[in-house]
Amino acid sequence: MGTLKTNIIIPGDCIASLNALPARSVDLVFADPPYNLQLGGDLLRPDNSRVDGVDEDWDRFGDQSSPADSFAAYDRFTRDWLSAARRVLKDDGALWVIGSYHNIFRVGTILQDLGFWVLNDIVWIKSNPMPNFRGTRFTNAHETLLWCVKAPNARYTFNYEAMKNLNDGLQMRSDWMLPLCTGTERLKSNGHKTHPTQKPESLLYRIILATTNPGDVILDPFFGTGTTGAAAKKLGRRWIGLERDNTYIAAARARLDATREITDLSVLSTPNKRSEPRIPFGTVVERGFLDPGEILWGGERRRWSAKIRADGTLISSDHKGSIHQVGAAVQGAPACNGWTFWHFERDGEFHAIDMLRQKIRAELH
């Protein structure tokens, strides 16, 4: 099938374009497919002004007057594009698909029927959702994303430390509070939205940073106005966009031409702590950062104390062993990360001993 070309928009039908790409050639597929909203008539605000919603032909499937026929047509379309996407995805690659209550349950069933393994469902909570103007239902304030791999044993990418850093040092949860695409980010033509369902770049930024590495290839089979490409370009990833609408293609190209590419790998990658060199606590002692006989304090209120031994072990009133063993023992806990539990005092201030480990690691780079 030839060499894979990247950083391009391929015009035409997404299924035909997917089938023309080399097998097992992309690292990530992000898909924002039609939702098959089946809207009946215009949606009006209380002042009778029309809401600029989705009424394009690409969101219509089958006989719109027959829900069963429309669902069947949508299911066939979903199965076809997901099968084609599975073929081009590397064995250790991943797929993200976003949807609303109109379609995500049907998509999820087909994903599992095709052999995909769901890793997470992410809830995108919209901080500024459109209100329910008719007052007949709850305000639709979220959409759902499914993160999947091709098999349960796939060695997929997950940049855990990057997500933790992005979340102020806390584990990233599966509920993401992000605003809708508004303001200058929202592309417009003649005063109207260029694309009715343009996603915020912050959403794609998080997905790409979390589940790809610099240089990876990201494929978007429903490229629209190029949000995936813009986020990929900023994060040093390669991209391929499939899109059949010429208006969207023109808008995406202009947007991508104006997007600055980041090429400095030092700002694009977050080191994995597991890959960093192992520093025994004894190294901290033998380097003279802490002295034998010095007291360490454990817990937020420095409830526990232990004395450093010359060999890098600790001794408390009742226990002796490594920083982890003694930390667990004094708390009566099954395990303990001694690096963050124990603190040393300097000039009246207390610091986690992990600060000294990081200092040694920095010297090694």
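Contact is taken here to mean heavy atoms within 4.5 Å. The structure is a predicted model, in which local features need pLDDT of at least 70 and side-chain atom pairs count only at pLDDT 80 or more, whereas totals for chains, interfaces and linings use all residues. Residues are numbered from 1 along each chain as its sequence is written, and side-chain values use heavy atoms, with hydrogens and water left out. Helices (H or I, at least four residues) and strands (E, at least two) are DSSP runs, numbered from the N terminus.

Trp81 is found in helix H2. With a relative accessible area of 0%, Trp81 is buried; the term buried denotes under 20% relative accessible area, exposed over 50%, and partly exposed the range in between (1.4 Å probe, protein chains only). When neighbours within four places in sequence are left aside, Trp81 is in contact with Cys14, Ile15, Leu18, Ala31, Pro33, Val97 and Phe222. Trp81 and Lys234 are 153 residues apart along the chain, and their C-alpha atoms are separated by 27 Å.

The strands were examined next. An open sheet is formed by 8 strands in the order E1-E10-E9-E2-E3-E5-E4-E6, with mixed pairing; two strands pair if DSSP finds at least two bridges between them. Strand E1 (8-11) and strand E6 (175-178) stand at the edges with a single partner strand each, so one side of each is left without a neighbour in the sheet. On average, and with direction ignored, neighbouring strands of this sheet are turned by 20° against each other. Axes are lines fitted to C-alpha atoms, for helices over the stretch in contact, and angles run from 0 to 180 degrees between N-to-C directions.

Strand E10 (residues 238-243) has 5 of its 6 residues buried, so this strand is largely enclosed by the rest of the structure. E1 and E10 run parallel and are joined by 4 bridges, with Ile10 opposite Leu242 in E10. E9 and E10 also run parallel, joined by 4 bridges, and here Leu219 stands opposite Ile240 in E10. An antiparallel pair is provided by strand E4 (residues 117-126) and strand E5 (residues 142-149), which are linked over 8 bridges; Leu145 in E5 is the bridge partner of Ile122.

Thr6 lies in the segment before E1 and is buried, with a relative accessible area of 18%. Apart from neighbours within four places in sequence, the contacts of Thr6 are Val217, Arg238, Trp239 and Ile240. Thr6 and Thr194, 188 residues apart in sequence, are 25 Å apart in space, C-alpha to C-alpha.

Two helices were considered in relation to the sheet. Helix H2 (residues 67-88) lies across strand E2 (26-31), strand E3 (89-99) and strand E9 (217-220), and runs at about 145° to E3. Helix H3 (residues 104-113) lies across E3, E4 and E5, at about 165° to E3.

Two packed helices are described by the angle between their axes and the distance between the axes. For H2 and H3, the angle is about 45° and the axes are 10 Å apart. That angle makes H2 oblique to H3, given that angles under 35 degrees count as roughly parallel, over 145 as roughly antiparallel, 65 to 115 as roughly perpendicular and the rest as oblique. Phe71, Tyr74, Asp75, Thr78, Arg79 and Leu82 in H2 meet Arg106, Val107, Ile110 and Leu111 in H3.
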